[in-house]
Amino acid sequence: MRILIAVAPLTAHLYPSVPLAWALQSAGHEVRVASNSGLAGQITATGLTAVELGEPASPPPPVGDEELEHFTDALGFPAGSDADQLWRATRYYKALNYKRYYPDDEGRQELADNLVEAARDWRPDLVIWDPACPIGSLAARESGAASARMLWGPDYFGWVRRRLTERGYDPTAAASADKDPQAALLAPVFRRFGRDLSEDLLFGDFTVDPLPAQLSRPDTLRVLPMRWVPYTGTAPVPPWLSRPPSRPRVVLSLGVTGRTVHDGRDERVAAALEAVAGMDVEVVATVNADQLGPHPHIPDNVRIVDYLPLTQVMPTCSAIIHHGGFGTFFAAATHGVPQMIVMEELGSALNSTRYLEARSAGVVLRGDGITAARMREQLHRMLNEPSFRTGNDAVYADMTAAPSPTELVPVLERMAAQHRVRD
């Protein structure tokens, strides 16, 4: 069987698909991973074959405040509610993920055209695509392959679609801004290939979901649960990491994607470094110079490491301080490490934080107005109260209740045979 995996050009979107790609490849299937040329090196570093789609010929059209407000009005979440805050925290990036694949003034879109052409030529049996890479759905339909979304976090896309459907919006109707705002945003992507928006283009034939069942998901979609197996990149193991820590080890990590989005000093880093100063812990801070800012004070018990795969250091850790990303969340949860999530804003990490608190597996702090004293107090609790380890045992049980990527392979084989269409 041939499997083409299409991902948006971000490591946080590539890495969750790597264990499944390995499982498929190890079962004897041909696997290729397609994305922007800039991600090709990271794809090949995982041991997978990269398909370079090129770079966008021009930047995507701007995401206007007016269209976002129209979308917000169509969803109609009560102002100030959790749903409203979650939407406002993520809405810009949802729109941008669609507009990344818009045609330019001459009607061309290099990424979309190259992916569809690659799929038509190679004729995969199954296309697995990232929800932030909707052209993967087109590649499946244009090549006659079965079409599967693979999530890397909560299904924000399905959540939005369900809300619009509940409010009477029909994605198959004429895609205009006064009817269905999601359809309006996606229409330029799909109509270039003569296709109107439909539920199967939005969501594929089925969805592979690596999040525990305890996290909410749209109940209208066909979902294949899969265990999240953390993959966080590769690097040589540093000598210091080969030795057991002499005191509790704490990791500070704010994610890889955040480095590309935010510039300059991160106040959460400064607060964390102040918090751990003088504590009887060893801190590994995977942050870069920009996040530290000019003239940072580095306590004696802090080791600054620009990059270190979390899967290498997590087995040696007693706690982690991070931003709430699901890649980091599950790298820690796999090893039963209590977590302190410091959110920039209520919304983007809302799902992981609610789950963490419900399982008593960590603590959640707001990034704005965070104080070193508050962080120190909560870190001391995490290191000394047994309830946090018990809570993480529950999270691990939730994770391992789903089939592993290897166990999912025969299911995908059957689904591909059922849904692919050949001339």
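My entries follow, topic by topic.

**Ground rules.** I'm working on a predicted model, where local features need pLDDT of at least 70, side-chain atom pairs count only at pLDDT 80 or more, and totals for chains, interfaces and linings use all residues. Residues are numbered from 1 along each chain as its sequence is written, and side-chain values use heavy atoms, with hydrogens and water left out.

**Cysteines.** I searched the whole structure for disulfides (cysteine sulfur pairs within 2.5 Å) and got zero. I also checked burial, where buried means under 20% relative accessible area, exposed over 50%, and partly exposed in between (1.4 Å probe, protein chains only). Cys133 is buried at 2%, and Cys317 is buried at 7%.

**Cores.** A nonpolar core here is a set of buried Ala, Val, Leu, Ile, Met, Phe, Trp, Tyr and Cys residues joined through side-chain atoms within 4.5 Å. The largest one has 49 residues, and Leu4, Leu115 and Ile135 touch the most other members. Helix α6 (residues 110–122) gives this core its largest share, six residues; helices are DSSP runs (H or I, at least four residues), numbered from the N terminus. I noted a second, separate core of 30 residues, including Val31 and Met226. Back at Leu4, I listed contacts (heavy atoms within 4.5 Å): leaving out residues up to four places away in sequence, Leu4 touches Arg32, Leu115 and Trp122, among others.

**Helix pair.** Which residues of α12 meet α17? I found Arg268, Ala271, Ala272, Glu274, Ala275 and Val276 in α12 against Ala372, Met375, Arg376 and Leu379 in α17.

Key. Helices (H or I, at least four residues) and strands (E, at least two) are DSSP runs, numbered from the N terminus.
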